[in-house]
Amino acid sequence: AHAALARIIDPAEAASFTHDIKAVRDRIGKLNLKREQAFDALFPWSVAWLDGMRRTGFLIAEGQEAGTIAVSTDGKKPPNKLLVGDLGLDYMESSRWQRFAQIGEEDFRTWWEEFQKAREQPTFSRLMALYNRFFKDPDWEPLPEGVFSVVYADPPWDFSNEFIREHGGQAASAHYPTVSTSKLCELPVAGKAPVLFLWVPNSML
């Protein structure tokens, strides 16, 4: 599957292939297999599925840079462009897959080989955790020049809470790259405005 994905240059084909891999993986997961049998049957498909996200994400990013793929939020399709929705993805999924594409080939291989040795399944949330390990807390972009009346900030806090854990949910970092509290304290807002409106999740209050 990895070799086949590497040969694909059409994002629509890559996305379709990835969806097909996930469908096979899901069907295997529903079989009544013993634990060890289930692991051996599922593992290669799990790796292929996540690798498909990386390949598709790379092709989407490449297409957006070339102007052949667009993200439409108004329901209108730009002429001569493929929409992310045409790939069976929404905006959030497209964004996540493009992030996964930033994980290097060697890092990805080392990551899934560690799970293989530990006899554990690589999962979407675990791949997101790997991404966060490499790309969390990037340097802040400087704010525009000048002084403003108000600065409104909606940063991606790194948090979880008891409700999420009790109901089997996942922390924010399983869905998108987050920023640590110490990094948030470095927001370059000093002297920019007399008022800062900062969005804060309930669990951080």
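Biologist: What percentage of the 205 residues in the chain do buried residues make up?

Modeller: In this predicted model, buried residues make up 34% of the 205 residues in the chain. A residue counts as buried when its relative accessible area is under 20%.

Biologist: Why is A153 called buried?

Modeller: The relative accessibility of A153 is 12%, and the cut-off for a buried residue is under 20%, so A153 counts as buried.

Biologist: Where is A153 placed, and which residues does A153 touch?

Modeller: A153 is in strand β3, which covers residues 150-153. Leaving aside residues up to four places away in sequence, A153 touches L196, F197, L198 and W199. The C-alpha atoms of A153 and V189 are separated by 9.6 Å, although these residues are 36 apart along the chain.

Biologist: What share of the contacts between residues at least 6 apart in sequence joins residues at least 24 apart?

Modeller: Of those contacts in the chain, 71% join residues at least 24 apart.

Biologist: How many helices and strands does the chain have?

Modeller: The chain has eight helices and four strands, and along the sequence they follow the pattern α-α-α-β-β-α-α-α-β-α-α-β.

Biologist: At what angle do the axes of helix α3 and helix α5 cross, and why is α3 called roughly antiparallel to α5?

Modeller: The axes of α3 (residues 35-66) and α5 (residues 105-118) come within 12 Å and cross at roughly 160 degrees. Angles over 145 degrees count as roughly antiparallel, and therefore α3 is roughly antiparallel to α5. Their crossing is right-handed.

Biologist: Which residues make the contact between α3 and α5?

Modeller: From α3 the contact uses F39, F43, V47, L50, D51 and R54, and from α5 it uses E105, F108, W111, W112, F115 and Q116. By class, this contact has eight nonpolar, one polar and three charged residues.

Biologist: Is the crossing of α4 and α6 left-handed or right-handed, and which residues make the contact?

Modeller: The crossing of α4 and α6 is left-handed. R96, R99 and F100 of α4 meet F124, L127, M128 and Y131 of α6. This contact has five nonpolar, no polar and two charged residues.

Methods: Residues are numbered from 1 along each chain as its sequence is written. This is a predicted model: local features need pLDDT of at least 70, side-chain atom pairs count only at pLDDT 80 or more; totals for chains, interfaces and linings use all residues. Side-chain values use heavy atoms; hydrogens and water are left out. Axes are lines fitted to C-alpha atoms, for helices over the stretch in contact, and angles run from 0 to 180 degrees between N-to-C directions. Helices (H or I, at least four residues) and strands (E, at least two) are DSSP runs, numbered from the N terminus. Angles under 35 degrees count as roughly parallel, over 145 as roughly antiparallel, 65 to 115 as roughly perpendicular and the rest as oblique. A crossing is left-handed if the near helix is turned anticlockwise from the far one by less than a right angle, and right-handed if clockwise. Contact means heavy atoms within 4.5 Å. Ala, Val, Leu, Ile, Met, Phe, Trp, Tyr, Cys and Pro count as nonpolar, Asp, Glu, Lys and Arg as charged, and the others, Gly among them, as polar. Buried means under 20% relative accessible area, exposed over 50%, partly exposed in between (1.4 Å probe, protein chains only).
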